[in-house]
Amino acid sequence: LTLTQRVPPTPGQPNKKAMHIPVRLGLLSPDGTDLPLKLEGSEGAPTTRLLELREAEQTFTFVDVPARPSPSLLRGFSAPVRLESDCTDADLLLRMAHDSDSYCRWDAAQSLAQRRIMTAIKELQRGATPALDDAFIEAFGGALASDAEPQLLAVALSLPGESVISDRLEDVDPTHVHHARNYVEGTLARAHKALFERRYEQLGARGAYSLDTAAIGQRSLRNLCLRYLTVATDYRDGSLARAQLEAATNMTDMIAALACLANVETRDREQALAQFYERFQGEALVVDKWFSVQATAPRPRALDDVSALLEHPAFEIGNPNRARSLIDAFANGNPVRFHDASGRGYRFLRDRVLEIDAFNGQVSARMVGPLTRFQRYEPRRRARMVAELEAILGHGSLSRDLEEQVRKAVDAAHGR
């Protein structure tokens, strides 16, 4: 096993030294069981071993390995690093189904999904229609039908978010990312509709509300099923989500249902949002969540919804938590609408940042962050983001915190 590390340069430190990285690993046999790890020159043969990567590149040799193994790396998330490997799809499918380490099972599922979404993005970029392979669809269904811990399944079968996907790309087009992820999610939802329905019903018959680990996991998996069913099946009208919202006995299930309803285009959406607010308007944290659910719904009218909510009686731009729940939630949590090709989302954030900066420079400096990350995006969006940053600088009287953040970003855009 050869491990290499690369530490990206930071301002003032163009050549970074190698880090000391703990890599906990196992090796899986072709049937998914853990192999004894007999490291050359070391004693013992445990099924999980900690390696210490201290150089730019190191090779570790295991002996008495009876068959080609599939590596299970970073068990227990032993180091906060981004891992790139040459594992095949077969390796990942094996780990997804059999890895004894929960983190590695999750990572395998996420890696497989990310590869499919990346492929779909490439197809969209060349004007082709994406296609999802049967092997991944079957593996996903097998995991969903398994008796694995519900909490693990809930996180493993959640597709990587659009921001996570974008982090792996250069010259990002958020529209392609959004459509590619939606395609994969919708295909899985349609392929396993009956299974999602069955699991949703099974997980609903669990008795009284409980805060134990098992109950929390069951709620998480049930709400994942609701999400998939609402995305691309007969429940796109929001009927199932509305039924859950009305029957829910806890806030977790209510918010999950409301998030699904916030993205549908039926009367149920407006009624549900109005009724939810009427019921919980006296609970500040719940109202914050109510604003965020609407701000992050990626429906085409999202920015219009957010702009209208600025005039809502419960919205106070001078309240940092309330401002974050709407403005920051939109800019950071709704990439396809914030990064609309027209630049409307950028102008919206510029105006709100300047408005907030008049009385709270620390909050405005944090809130401008999405505009300062322009380097990752394709040239047209990048230019528009930089133009809005320059417009902020040209406004005149800025707080020291905001001016420092924006000037640094503008200087970087112009190579200064």
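Q: Why is W106 called partly exposed, rather than buried or exposed?
A: In this predicted model, W106 has a relative accessible area of 27%. Buried requires under 20% and exposed requires over 50%, with partly exposed in between. The value for W106 lies between these limits, so the residue counts as partly exposed.

Q: What makes Y103 and W106 an aromatic pair, and why is the pair called tilted?
A: The ring centres of Y103 and W106 are 5.6 Å apart, and rings pair if their centres lie within 6.5 Å. Their planes meet at 40 degrees. Planes under 30 degrees apart would count as stacked and over 60 as edge-to-face, so this pair is tilted. Both residues belong to helix α2, three residues apart, about one turn of the helix.

Q: Why is the pair of Y277 and W290 called tilted?
A: The angle between the planes of Y277 and W290 is 35 degrees, and the distance is 4.9 Å centre to centre.

Q: What makes the pair of Y277 and W290 a tie between parts of the chain?
A: Y277 is in helix α11 (residues 267–280), whereas W290 is in helix α12 (residues 284–295), so the pair ties together parts that are 13 residues apart in sequence. Both Y277 and W290 are buried, which means that each has under 20% relative accessible area.

Q: Which residues form one aromatic cluster, and how many aromatic pairs are counted?
A: The cluster consists of F136, F140, F196 and Y228. The count comes to 13 aromatic pairs.

Q: Which residues does F276 touch, not counting residues up to four places away in sequence?
A: F276 touches L245, M251, M254, I255, L258, V286 and W290. Within the largest nonpolar core, of 101 residues, F276 is among those that touch the most other members, together with L188, I327, L371 and I392. Helix α2 gives the most to this core, with eight residues. Apart from it lies another core, of 15 residues, including L3, I21, L51 and L73.

Q: How do you know that L211 is exposed?
A: Its relative accessibility is 65%. Exposed means over 50%, so L211 counts as exposed. L211 lies in the loop between α7 (193–204) and α8 (213–232). With Y209 and I216, L211 makes a nonpolar surface patch of about 310 Å².

Q: Which residues of helix α1 are buried, and what covers them?
A: In α1 (residues 89–98), the residues D91, L92, L94, R95 and M96 are buried. Their cover includes β2 (21–28), β5 (70–73), α2 (102–125) and α3 (134–145).

How values were computed: Residues numbered from 1 in each chain as written. Predicted model: local features only at pLDDT ≥ 70, side-chain atom pairs only at ≥ 80, totals over all residues. Heavy atoms only, no water. Patch = residues over 30% accessible without salt bridge, like charges linked within 9 Å, V, L, I, M, F, W, Y side chains within 5 Å. Areas by Shrake-Rupley, 256 points an atom, 1.4 Å probe, with all protein chains shown as cover. Salt bridge = Lys/Arg side-chain N within 4 Å of Asp/Glu carboxyl O. Helix = DSSP H or I, 4+ residues; strand = E, 2+ residues; numbered from the N terminus. Buried < 20%, exposed > 50% of the residue type's maximum accessible area, 1.4 Å probe, protein only. Contact = heavy atoms within 4.5 Å. Core = buried A, V, L, I, M, F, W, Y, C linked by side-chain atoms within 4.5 Å. Phe/Tyr/Trp six-rings, centres within 6.5 Å; stacked < 30°, edge-to-face > 60°.
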